[in-house]
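Please find below a short note on this structure. The points are numbered so that each can be checked against the sequence and the model.

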Amino acid sequence: MTLRNGLIGLAVLLVLVLGIWFVFGRGEPAAELVIETEAVATADLRRSVSATGTVRALVQVQVGSQLSGQVAELAVDFNSPVEEGQVIARIDPQTFQTRVREAQASLSTARAQLQLQRASLGRVDANLLVAQQEFDRVAQLHERGIASDAALQTAQAQLESSQSERAVALAQISNALATVEQREATLEGAEIDLERTVIRSPIDGVVVDRQVDVGQTVAASMSAPTLFVIAQDLNRIQIDAQVDESDIGEIATGQPVSFTVDAFVGRTYEGVVDQIRLAATNTNNVVTYTVVVTAENPGERLLPGMTANLDIVTGEREGVLAVPNSALRFRPSGSLEGQAIAAADTGGGEGRGARGGGPASRGGGGAGGGMMARMAEELDMTEDQQAQAQDAMRRVFASIQAQAASGGEFDRSAIPARIEAALRDVLTPEQMRRYRELSAARAEIRPGSVWVERADGMLEERRVQLGVSDGQKTEIVGGQLEAGEPVVTRAREAG
């Protein structure tokens, strides 16, 4: 009985152990991984910076009044076309007409006084002539002993007095002339003020704002009050866009811009970056810079003050080799690590190269003849220019090598600037502009890697050089990748 009970207990224990193993001991079956790939293909890429701005006229003039007074007449209204010199308003001229008459009367008085002084000069000249003749007569008599010394002294004193009177008369005439000039200037100022009561348009354009009404009094004591705002030509407009400081480094003058306005849904307008203003704006610790965009405005449909939503194209490539950005982010992990072959184990992938075109795709070669040949082709250089450029670059590299051999330190980042300075006297302005564009394009090249699924199921890493990205795809400008190869974008569990 005891033995039987022991066997039964052992059997129960065995069943319990088997049940525990069945429930907890079995591991979950390994999930099957599905590798998602996408073939490398050519694409058109466009990188842009988004911004918002306000539509403005290219030239917008605030027309004000230099005088204080009551508005007597308004000759134009909102949206009125105006021409340069056209009368657009009048200030009540009565006060200024009175000042003109006062200045005219003062000028007449000064001129009459001048005539009086000149007449006095004639009388003084006559007296001086009589005194001179009397002195000469007495002097002759004195020499002959007929006239006394006292008579000679009296005649001389009379002559000197007449000469003094003439000097005084001349001074009075000068003073009268100065007074006349002063009165003429006063009259001229009064007439200018009277003329300024007539407000004229300084440019050809259209009135976009009127800020006064007839009968309103304007005060110009401290600053000129604005009466009208006139836009010169609405066939062309400008947009003052605010660009964040993180994006301003990608903006350059001449870049194409596309923009929309809420007033015309579905319609896109084109413009170009005209200016990047250096003054920064700090709003709630957000730093932005003003980028001025100019655009055509056919039909004058875009109105000043509209809000424009802009896409500034900072990079554009057509027909280049491109891969999805997800392929650049993919890295084998977990069970995939066993079937992944790193780029170092593939022998470097010699012979493979991107076929996407673009200036940067040809920039992988070394210095020397290959570099010079590419530059000559891209810039359409003459043989003489090629020889001069080769000599200039040889001097730059010789200077760098000499500096390095002497143990001196130099900034490698300054080498492109030194090459550009050496080529400035060789290339034409258009070639120099193109050279800068190509240099900027090459500066954007950065290294990266993708994983390709081979026919045997293994994953092979490929080193590549990356160019422009539009946020979804990235340009391949060089490296170990060919069109049509399947790049891995994702690995997921089946089901």
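Which residues of helix α7 (residues 415-423) are buried?

1. The structure is a predicted model. In helix α7, the buried residues are I415, I419 and L423. Viewed along the axis of α7, its buried residues lie within an arc of 70°, so they line one face of the helix.

2. The next point concerns a sheet. Four strands make up an open sheet, in the order β7-β6-β4-β9, with antiparallel pairing. In general, strands of a sheet pair through backbone hydrogen bonds, either parallel or antiparallel.

3. Within this sheet, strand β4 (residues 69-74) and β9 run antiparallel and are joined by 2 bridges. Opposite T217 in β9 stands Q70.

4. Is T288 buried or exposed? T288 belongs to strand β14 (residues 286-296). Its relative accessible area is 15%, and residues under 20% count as buried, so T288 is buried.

5. The surroundings of T288 can also be described. Leaving aside residues up to four places away in sequence, T288 touches Q242, V243, D244, A280 and T281. With Q242, the contact includes a polar one between the two side chains, at 3.3 Å.

How values were computed. Residues numbered from 1 in each chain as written. Predicted model: local features only at pLDDT ≥ 70, side-chain atom pairs only at ≥ 80, totals over all residues. Heavy atoms only, no water. Buried < 20%, exposed > 50% of the residue type's maximum accessible area, 1.4 Å probe, protein only. Arc of directions from axis to C-beta. Pairing = 2+ DSSP bridges. Polar contact = N/O pair within 3.5 Å; in protein donor to acceptor, adjacent residues only side chain to side chain. Contact = heavy atoms within 4.5 Å.
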